[in-house]
Amino acid sequence: MEEIQIHISETLKDKPDEQHLGFGQHFTDHMFLLDYTSGQGWHDPRIVPYAPLVLDPATLVLHYGQAVFEGLKAYRTEGDKILLFRPEKNMERLNRSNERLGIPNIDGDFIIHAIQTLIGVDQDWIPSGEGTSLYIRPFIIATEACLGVRASHTYKLIVILSPVGAYYSEGIQPVKINVESSYARAVRGGLGTAKAAGNYAASIKAQIEAKEEGYSQVLWLDAIEKKYIEEVGSMNIFFKIDGKVITPELNGSILSGVTRDSIIHLLKSWDVSVEERQISMEEIYQASCDNTLEEAFGTGTAAVISPVGELFWMKNKMIINEGQIGAISQRLYDTITGIQNGILPDTFDWTLEV
Ligand code: COI
């Protein structure tokens with residue numbers, strides 16, 4: 001790949017207040033761009049001032065949604081180092097998503113290098129307050145202007161950066177979740193395992209209805225029988241029942257989360273029993289009735305760990321751990337954020353310095 005061309009912006013934006021960042025509201029001064037053309041491959045890597053894209057109205061992504069993305073974060077440590085968390089996992093998943101949507105593969109090592117270079121340019125944007133980080137959003141869109149339903153001959157890979165605080169306004173406080181029994185997020189053989197824009201489009205209507213009923217998120221069940229648990233909102237889900245931690249196995253319609261994988265490693269290293277298997281809502285309801293449903297929490301890059309304090313399913317309200325964060329959820333949150341922020345030793349070799 002050619003060298004990255006860097007064009008520094010002549011005007012720099014004011015930085016937002018670190019106390020009120022929210023999620024995905026502010027964007028840094030620069031972005032990374034890379035083009036793909038059939039017969040030529042990926043070309044023209046460049047860092048340019050952050051600016052709107054100009055797209056032909058017939059651009060394929062606008063009509064048929066050939067778009068994939070990733071989410072990872074950069075953390076500023078107390079010693080002023082900048083750390084990335086398992087970026088190679090995001091690149092592997094980006095290529096799996098590309099594969100599923102007929103988008104050409106990228107060179108993951110090169111994109112990590114590009115992300116490091118972009119962060120180097122915009123490093124003053126990395127917040128340092130508790131619970132803050134720089135969210136990194138790489139994405140790929142089909143850019144050919146054409147209304148035929150087929151793979152595009154051209155693509156753009158773009159990386160943008162956003163200083164963020166907590167994903168949910170509840171922060172690490174437990175959230176209330178509605179178990180969705182009508183709509184489906186994904187089916188096996190569909191796009192569920194890919195980080196495809198369309199999966200999130202499929203989730204929005206259920207999210208609107210859950211919000212109207214006072215729930216922050218939706219717990220998705222399998223699309224066919226509406227019995228087995230898949231994932232929650234934009235996160236993977238874990239339950240602690242009678243001392244054991246259980247999470248749905250990667251069955252072909254669930255996203256393979258980087259945080260999910262890290263949580264499983266951490267729990268195993270603490271000798272906590274973890275099962276990746278099919279788990280039904282009936283089993284969760286039974287555990288709740290038997291008082292063995294000890295904790296539930298979602299995991300994701302954006303939200304990190306989001307404890308679940310209440311589940312609503314088929315007119316049944318299940319209060320979990322009296323609506324409080326549980327001991328395992330808290331320990332996982334402290335450990336994973338401790339490693340990401342360079343406060344705890346990186347015993348798994350998960351962080352990469354920028
Ligand atoms: C992430 O956790 O990075 C996600 O992709 C969730 C998101 C869609 C905000």
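Predicted model: local features only at pLDDT ≥ 70, side-chain atom pairs only at ≥ 80, totals over all residues.
Residues are numbered from 1 along each chain as its sequence is written, and side-chain values use heavy atoms, with hydrogens and water left out.

The domain assignment, which is of the automatic or database kind, gives domain 1 as residues 5-164 and domain 2 as residues 175-340. Taken over C-alpha atoms, the centres of domain 1 and domain 2 are 27 Å apart. Their contact, meaning heavy atoms within 4.5 Å, takes 20 residues from domain 1 and 20 residues from domain 2. The area buried between the two domains (the accessible area, with a 1.4 Å probe, that two parts lose on being put together, summed over both) is about 1800 Å², and carbon and sulfur atoms give 59% of that area. In domain 1, the residues that lose the most area to domain 2 are Phe69, Phe85 and Arg93, which together account for 34% of what that side buries.

Between domain 1 and domain 2 there are eleven residue pairs in polar contact, with both residues at pLDDT 80 or more; a polar contact is a pair of N or O atoms within 3.5 Å, where, within protein, one must be able to donate a hydrogen and the other to accept it, and residues adjacent in sequence count only if both atoms are side-chain atoms. On the side of domain 1 that touches domain 2, the elements giving two or more residues are strand 4 (67-69), strand 5 (72-76), strand 6 (82-85) and helix 2 (87-101), where helices (H or I, at least four residues) and strands (E, at least two) are DSSP runs numbered from the N terminus. Helix 2 gives the largest share of that side, seven residues.

The ligand is surrounded by residues that include Phe23, Phe69, Tyr135, Lys195, Thr301 and Ala302, each having a heavy atom within 4 Å of it. A polar side-chain atom of Lys195 lies 2.6 Å from an oxygen atom of the ligand, whereas Ala302 places a backbone N or O atom 2.8 Å from a ligand oxygen atom.

The model has 15 salt bridges, each a side-chain nitrogen of Lys or Arg within 4 Å of a carboxyl oxygen of Asp or Glu. Between domain 1 and domain 2 the count is one salt bridge. Asp35 forms a salt bridge with Lys156, with the closest N and O atoms 2.8 Å apart. Because Asp35 lies in strand 2 (residues 30-37) and Lys156 in strand 8 (residues 154-164), the pair ties together parts that are 121 residues apart in sequence.
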